[in-house]
Every structure is written in structure tokens, then in C-alpha cells.
Amino acid sequence: MTESFIHRFQPGSAAGAAPLLLLHGTGGDENDLLPLGAMLSSGAALLSPRGRVLEHGMPRFFRRLAEGVFDEDDVRRRAAELGDFVTKARQRYELAAPIAVGFSNGANIAAALLLLQPGVLAGAVLLRAMVPLSQPPAADLTGTPVLMLSGVTDPIVPAANATRLAAQLSDAGADVTHRTLPVGHQLSQADVTLARDWLAGLGQRAAA
Ligand code: MLT
């Protein structure tokens with residue numbers, strides 16, 4: 001049932017544009033990333049759920065024990081719920097497999113979803129992501145495109161942690177592009193430009 005997640009859905013108008021699964025950061029909601037999604041891929045269908053975990057009233061996609069310390073059992077459980085939601089939403093809205101666009105906590109659940117349920121996502125843009133699972137399962141992500149954008153002065157995501165996630169995904173076969181920008185945790189214009197160009201490149205490859 002798609003009712004399992006409060007969500008927004010905006011139908012696509014551009015034939016062939018991959019749907020985007022928009023995953024907000026801590027304290028965000030299903031409305032937050034709709035403008036970003038429209039900027040990144042004009043005319044793409046947008047599916048935007050609200051995280052079901054509340055931390056002091058702030059929605060998230062999984063529980064954490066402290067900043068940067070995750071309840072990994074909850075990560076697994078919530079990734080399964082989200083994967084199920086995506087499958088049901090694809091049926092209900094007649095969608096191809098989506099590309100996740102996740103920011104911060106949303107990027108971390110997207111990374112978990114990639115590793116735990118290969119095939120649910122057609123790819124991912126991970127904005128300020130960190131390792132969600134210290135012992136990821138052996139996943140086959142052969143050829144799955146992933147763009148990771150990190151911030152060199154990000155106070156939440158240590159550079160080595162982001163590099164480790166990029167390596168976990170590459171080791172599983174994903175086609176990872178990892179760029180570190182001269183910014184902190186917040187998104188910047190460079191994120192928008194790089195993600196938009198990367199998505200456009202995927203679209204061109206798919207159409208060729
Ligand atoms: C998290 O998942 O906790 C993020 O890395 C940080 C945040 O959402 O604030």
C-alpha cells in the first residue's frame with residue numbers, strides 16, 4: 001500500500017525521463033525536495049515520501065543513536081519498508097524504476113536501499129551521504145549509476161566516511177562518480193548543476 005508513507009506524487013510530462021524518488025534530510029518532509037527535483041530533471045515524475053521516524057518531532061528515514069551513529073537494525077527495517085513503498089508506488093502510478101535523489105539522511109537511506117535491495121532503484125544521486133551500514137551485505141549493483149556529492153568542510157560527514165561509502169558501492173559493481181565540493185553540509189548551486197548534468201547524461205545514454 002502506498003499509504004504506508006505520506007507522500008507527494010507529481011506525474012511526469014517528459015516521455016523517457018526517469019522518475020525521481022526524492023528523499024529529504026532530517027526535519028524535512030515530502031514537500032522539501034519537489035523544487036529541487038523539478039530543477040534536476042524537468043518533466044520527470046516525482047515521488048516524494050516523508051520519513052516515518054520522528055526525532056524530537058523531526059521526520060527522518062531511520063533512527064540514529066547520536067549524530068552519525070545509526071541504529072543499523074532500524075536502517076534495515078526502514079529500507080525494507082521504503083523498498084516496498086517504491087514497488088507499490090510503481091504499480092499505482094505506472095512508473096519505471098526511479099533514480100533516488102537523497103539529501104543527508106535521505107541520501108543515507110538511499111545508499112542503504114541500493115545495498116540491501118539492488119534493483120529497486122535505477123540509480124542514485126547521494127548528496128552529503130555517509131556509510132549507513134558498517135557491514136553491508138554482498139550486493140550486485142553492476143552498472144548502477146551513482147553520483148555522490150560531498151562537502152569538503154561538511155561537519156557531519158567526515159571525508160573518509162564518504163570515501164568508504166563510495167568504495168562500498170563501487171565494490172558492489174556500481175558505476176560511481178564521487179565529487180567533493182568546496183562546501184559544507186548544505187546544498188549549493190554546484191550540487192544542482194552537477195546533478196542536473198549527470199542526470200541529463202544518463203538520459204542521453206538511455207536514449208542512444
Ligand atoms: C543522518 O542520517 O543522520 C545524517 O547523516 C545526518 C542528518 O540527517 O542530520
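Visitor: Why does Asn161 count as buried?

Guide: In this predicted model, Asn161 has 14% relative accessibility. Buried means under 20%. The value falls under that cut-off, so Asn161 counts as buried.

Visitor: Where is Asn161, and what does Asn161 touch?

Guide: Asn161 sits in helix α4, residues 159–171. Leaving out residues up to four places away in sequence, Asn161 touches Met130 and Val131.

Visitor: Which residues does Leu165 contact?

Guide: Its contacts, apart from neighbours within four places in sequence, are Ala111, Leu126, Ala129, Met130, Val131, Pro132 and Met148.

Visitor: What makes a set of residues a nonpolar core?

Guide: The residues must be buried, of nonpolar types such as Leu, Met or Ala, and joined through side-chain atoms within 4.5 Å. The largest such core here has 44 residues. Those with the most contacts inside it are Leu23, Leu126, Leu141, Met148, Leu165 and Leu169. Elements giving two or more residues to this core include β2 (20–23), α2 (72–93), β9 (123–127) and α4. Helix α3 gives the most, with eight residues. A second, separate core has 22 residues, among them Leu22, Leu40, Trp198 and Leu202.

Visitor: How do you know that the radius of gyration agrees with a compact globule?

Guide: Set the value against the rule. With 208 residues, a compact globule would have a radius of gyration near 17 Å. The protein has 15 Å, which agrees. The C-alpha atoms fill a box of roughly 40 × 35 × 30 Å along the principal axes. Of the 208 residues, 51% count as buried.

Visitor: How many helices and strands are there?

Guide: The protein has five helices and 11 strands.

Visitor: Why is His56 called exposed?

Guide: His56 has 80% relative accessibility. Exposed means over 50%. The value is over the cut-off, so His56 counts as exposed. His56 lies in the loop between β4 (53–55) and β5 (58–60).

Visitor: Is Ser104 buried or exposed?

Guide: Ser104 is at 12% relative accessibility. The limit for buried is under 20%. Ser104 therefore counts as buried. Ser104 lies in the loop between β8 (99–103) and α3.

Visitor: What makes the phi of His56 and of Ser104 worth noting?

Guide: Most residues other than glycine have a negative phi. His56 is not a glycine, yet has a positive phi of about 50 degrees. Ser104 is not a glycine either, and has a positive phi of about 55 degrees.

Terms used. Residues are numbered from 1 along each chain as its sequence is written. This is a predicted model: local features need pLDDT of at least 70, side-chain atom pairs count only at pLDDT 80 or more; totals for chains, interfaces and linings use all residues. Side-chain values use heavy atoms; hydrogens and water are left out. Helices (H or I, at least four residues) and strands (E, at least two) are DSSP runs, numbered from the N terminus. Buried means under 20% relative accessible area, exposed over 50%, partly exposed in between (1.4 Å probe, protein chains only). Contact means heavy atoms within 4.5 Å. The radius of gyration is taken over C-alpha atoms; the globule rule is 2.2 Å times the number of residues to the power 0.38.
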